[in-house]
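Have the viewer open and follow along.

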Amino acid sequence: MPKSTNLHARAFSSVAACLLACLLVLGGCAGTATDEGEQEAPKAEAPETFEVSDAPIEEPGEMAAEAPAEDPATPDPRDAEFAVDPTRTDWNFEPGEVRTVYLTFDDGPSAHTQEVLDILDRYGIKATFFVTGINPDYLDMIGECYRRGHTIGMHTYSHDYAQVYASIDAYWNDLNAIAGIVREQIGYVPCFIRFPGGSSNTVSANYTPGIMSQLSRDVVAAGYQYYDWDASCGDGAEHTADELVDATMADTSYGYTSIVFLMHDGADKATTVEALPRIIEYFQDEGYAFAPLDRSTPVPHHGIGN
Ligand SMILES: [Zn+2]
């Protein structure tokens, strides 16, 4: 190889090396940033929540052992009072004497749950959340709801009718999956549950005829209580905030003393958040007190439709 070519080649390779080094440095920086971003995402997604069907049917206890006592300070009296307990049958089916509305939010947590919590705080109101595992990024909101004084109930993990009502075992698998998550979040499995679609749903008949008749007995025998609702803002379907407020007034015009009131804080319920302050003010104007569910709440049961 002629000398000049050799020199030229050396110069070239030196420039190339420099470029390569620069690229490595730049690439290294970019790589680090990406890795950090990617590391955080899976953490938030809590991969174990995808193992629904593998969740043990009868031992949500395993997760309890792992659940770190985050604030070991004062025990919350709700922990013992609201934990599922087959030996307790002290449910109340009598209407209350004080006008009370029990706001209940189904299908969360989601991106809207934080807004709902802030509105409730603004009015000094405690409510109840029947939670799912539909939005894995927001599962830590279950703990946040509880810490802010709200009651946690369970609504199944997947909320997928075909999956939940595929069989009696499928229902329990799904309930136990959300039970494990709730236990991680609040330290125990609560006794309050709500069936997807309510106990009167008939869609379950498409999958397992008679399943609601059996489940409604089985869950109570296992120490749970299921809560349907006395009235709703109608947000199961898509409505504007104005329509939700109107529906609230229409559906509560009978003036019952105690109202378990159905709402949703699912991912597509922006208008519910928008309507919530007006719904709260309506109940205030009507003289209702607000309370979260507890074991003394009058239990609403719809008729079983399957
Ligand atoms: Zn639901």
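Which elements do the buried residues of H4 pack against? They pack against strand S1 (100-106), H5 and helix H10 (270-285). Keep in mind that this is a predicted model.

## The overall picture

The protein has ten helices and eight strands. It runs to 306 residues, and 38% of them count as buried. Now take the contacts between residues at least 6 apart in sequence: 82% of these join residues at least 24 apart.

## Helix H4 and its two faces

H4 covers residues 113-123, and its buried residues are Thr113, Val116, Leu117 and Leu120. Look down the axis of H4 and these buried residues fall within an arc of 100 degrees, so they line one face of the helix. Turn to the face pointing away from that buried side and you'll find the exposed residues Asp118 and Arg122.

## H4 against H10

Two packed helices are described by the angle between their axes and the distance between the axes. For H4 and H10, the axes come within 10 Å and cross at roughly 20 degrees. That crossing angle is under 35 degrees, so H4 counts as roughly parallel to H10. The crossing of H4 past H10 is right-handed.

Who makes the contact? On the H4 side it is Glu115, Val116, Ile119 and Tyr123, and on the H10 side Val273, Leu276, Pro277 and Ile280. Sorted by class, the contact of H4 with H10 has seven nonpolar residues, no polar ones and one charged residue. Val116 turns up both among the buried residues of H4 and in the contact with H10.

## H5 against H7

The other helix pair to look at is H5 (residues 140-147) with H7 (residues 168-186), whose axes come within 8 Å and cross at roughly 55 degrees. H5 and H7 are therefore oblique to each other. As H5 passes H7, the crossing is right-handed.

From H5, the residues in this contact are Asp140, Ile142, Gly143 and Tyr146; they meet Val182, Gln185 and Ile186 in H7. By class, the H5 contact with H7 has four nonpolar, two polar and one charged residues.

## Helix H8

H8 also has a buried side. Its buried residues are Ile211, Met212, Leu215 and Val219. They cover an arc of only 85 degrees around the axis, which puts them on the same side of H8. The face turned away from the buried side of H8 carries Arg217 and Ala221, both exposed.

What do the buried residues of H8 pack against? The partners are H7, S4 and strand S5 (225-226). H8 is followed by Gly223, where phi is positive, near 100 degrees.

## Thr202, out in a loop

Thr202 sits in the loop between strand S4 (192-193) and helix H8 (211-221). Is Thr202 buried or exposed? With 11 other C-beta atoms within 10 Å, Thr202 is exposed, the cut-off for that class being 12 or fewer.

Leaving aside residues up to four places away in sequence, Thr202 touches Gly305 and Asn306. Thr202 and Met212 are ten residues apart along the chain, and their C-alpha atoms are separated by 8.5 Å. Met212 is one of the buried residues of H8.

Most residues other than glycine have a negative phi, and most peptide bonds are trans. The loop between S1 and H4 is worth a click here. Asp107 lies in that loop and has a positive phi of about 80 degrees although it is not a glycine. Pro109 is found in the loop between S1 and H4 too, and the peptide bond from Gly108 to Pro109 is cis, with omega near -5 degrees.

His159 is another non-glycine residue with a positive phi, near 55 degrees. Look for His159 in the loop between strand S3 (151-154) and helix H6 (161-164). His159 has 20 C-beta neighbours inside 10 Å and counts as buried, since that class takes 20 or more.

Notes
Residues are numbered from 1 along each chain as its sequence is written. This is a predicted model: local features need pLDDT of at least 70, side-chain atom pairs count only at pLDDT 80 or more; totals for chains, interfaces and linings use all residues. Axes are lines fitted to C-alpha atoms, for helices over the stretch in contact, and angles run from 0 to 180 degrees between N-to-C directions. Helices (H or I, at least four residues) and strands (E, at least two) are DSSP runs, numbered from the N terminus. Angles under 35 degrees count as roughly parallel, over 145 as roughly antiparallel, 65 to 115 as roughly perpendicular and the rest as oblique. A crossing is left-handed if the near helix is turned anticlockwise from the far one by less than a right angle, and right-handed if clockwise. Two residues are in contact if their C-beta atoms, placed from the backbone, lie within 7 Å. Ala, Val, Leu, Ile, Met, Phe, Trp, Tyr, Cys and Pro count as nonpolar, Asp, Glu, Lys and Arg as charged, and the others, Gly among them, as polar. The arc is that of the directions from the helix axis to the C-beta atoms.
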